[in-house]
Amino acid sequence: MPPKPPRWRPPSSVEERLKATGEASAQLLRCWECIPPLPPPRAGEWLAAAQPGARDRRGQSFADFSRPGPHRTFPSRQQQKIYLTPLGAADAAPAWAALAGALAACFSLPVCALPSRLPREELAALARDACGAGYGEQLEAPSVHALLARHRPRDAFALVAYAADDLCDSSKGFSFLFGQANLDKGTAVVSFARYQDAMPSLTLRRCALVLCHEVGHLFGIKHCIWGRCIMNGSNHLEEADSRGFALCPVELCKLASSLAAVQPLDATAREEAMLRWLGAHGLHADAEESRQRLRLMRGETEAATEVATPPPFVLPDERYDRRTCGMERRLLARLRAATSEGAESVRALLEPTLASLPDNTRIMVAPPLGKPTAVLGSFIDPSVIVWLLLDPLDVDSKQVTYCRLEAPEAIQLFEALYKWAPFLT
Ligand SMILES: [Zn+2]
Ligand SMILES: [Zn+2]
């Protein structure tokens, strides 16, 4: 039997991400730190083998996006508004203003309501699939695009409609759709039929996120494979919910280049607007990640350490004194190489160094957010902790040393461990 090909995994190494992003500002590149990688797809998920989404596995780098062609649209000074409208009575939908706020924050463009309602007779004449796919009668997306195109205002960059009805596109073989964008017409339609949850904030998150996703497509942005991002595809609700409410740096570069004719993108102001929106609508986990991105954009990396939320067993309490310094060059090089091989290599590298450290020391290799790569040494109430933080871009790899010894031992220890150099050759 021929050997099984290695399992495909979404690209998320520093090199892959930097290659996808291209020439971006350090401010944007730092945000990669806050974009968790996508896990390898499970059966039935968007990027799994034999799923239609498997063709997205190549990804669309910024360089791909920048090639001239019919796959892109740009707002201009004359056409920069995003119009947002319910498609008929979408009574159970979140408030229009809340949805409009998400789009305005995400794309830094004005969002408006249509000057008048869509005509009832035209809505009644939309093509439908009466059988549906478990969520009642479905709207055929192409007929919705045709209707929207007839009512697209002249100053619109995009006209986006949201429907309470389920959505499908029988002509393309999609038995249901969360949303669909039509780049040629500059129109998009999303369905909220599958998004209702007992928690209104979750319902709003789903609805707002799918709107931002489809408008992203209207710029010509394709599905993202570089990390958890608004532009990830999804085959089902669980997968859709696992997307981050963030545009990754690849998407931000695409947005910046698309907005150039209207105004330069102020990425920090954009993120501040996102944070305000997320916070105002009770999406606290997303807001915390947005706050983190803002700190990275502003270069407040010390503050990023401050809010670190690694698991409780690696989080020292107020009994510890703390010093932060850059990571020693040789340690950084070895650690980076070991990290690329996996957690076992990191442990093998660092295990022998414990002997040169005081008894009751813990070493941990962990990012400021999320799961540690490796934790070695003393697990119970250590007196010294050496926390090594690898910055994915190497600009800010740090060592944070915690110590709860009394002076003068503590002072000596901080001196001895300043830019800890266990590998002298
Ligand atoms: Zn999509
Ligand atoms: Zn992305």
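Tutor: Let us begin with the idea of contact: two residues are in contact if their C-beta atoms, placed from the backbone, lie within 7 Å. Please keep in mind throughout that this is a predicted model. With that idea in hand, we can say that what covers the buried residues of H13 includes H14, E11 and E13.

Student: Which residues of H13 are buried?

Tutor: They are Leu331, Leu332, Leu335 and Ala338. The general idea is that an α-helix has 3.6 residues a turn, so residues three or four places apart point the same way. In this case, the buried residues of H13 fall within an arc of 135 degrees when one looks down the helix axis, so they line one face of the helix. Arg329, Ala337, Ser340 and Glu341, on the other side of H13, are exposed.

Student: Which residues are buried in helix H14?

Tutor: In H14, which covers residues 343-350, Val346, Leu349 and Leu350 are buried. Seen down the axis of H14, these buried residues fall within an arc of 85 degrees, so they too line one face of their helix. Their cover includes helix H13 (329-341), together with strand E11 (361-365) and strand E12 (374-377).

Student: How should I read the sheet to which E11 and E12 belong?

Tutor: Strands of a sheet pair through backbone hydrogen bonds, either parallel or antiparallel. Here five strands form an open sheet with mixed pairing, in the order E10-E14-E13-E11-E12. Strand E10 (321-326) and E12 stand at its edges with a single partner strand each, so one side of each has no neighbour in the sheet. From one strand to the next, the twist averages 15 degrees. H14 packs on this sheet, where it touches E11 and E12, and its direction makes about 30 degrees with that of E12.

Student: How many bridges join E13 to E14?

Tutor: Six bridges join strand E13 (residues 384-389) to strand E14 (residues 398-403), and the two run antiparallel. As an example of facing residues, Val384 stands opposite Cys403 in E14.

Student: What is the strand order of the other open sheet, the one that contains E1?

Tutor: Its five strands follow the order E2-E1-E5-E9-E8, again with mixed pairing. The edge strands are E2 (111-112) and E8 (179-182), each of which pairs on one side only. Strand E1 (residues 81-86) is joined to E2 by two bridges, and these strands run parallel; the bridge partner of Tyr83 in E2 is Cys112. Helix H4 (residues 96-107) lies across E1 and E2, running at about 155 degrees to E1.

Student: Which residues touch the most other members of the largest nonpolar core?

Tutor: Of the 87 residues in that core, they are Ile82, Leu103 and Leu211. Helix H7 (residues 200-218) gives the core its largest share, nine residues. Apart from this core lies another, of 25 residues, among them Met327, Val346, Ile363 and Ala374.

Student: And how does the chain look as a whole?

Tutor: Its secondary structure comes to 15 helices and 14 strands, and 40% of its 425 residues are buried.

Notes
Residues numbered from 1 in each chain as written. Chains lettered and ligands numbered in written order. Predicted model: local features only at pLDDT ≥ 70, side-chain atom pairs only at ≥ 80, totals over all residues. Pairing = 2+ DSSP bridges. Helix = DSSP H or I, 4+ residues; strand = E, 2+ residues; numbered from the N terminus. Axes fitted to C-alpha atoms, helices over the stretch in contact; angles between N-to-C directions. Buried ≥ 20, exposed ≤ 12 C-beta atoms within 10 Å, placed from the backbone. Arc of directions from axis to C-beta. Core = buried A, V, L, I, M, F, W, Y, C linked by C-beta atoms within 7 Å.
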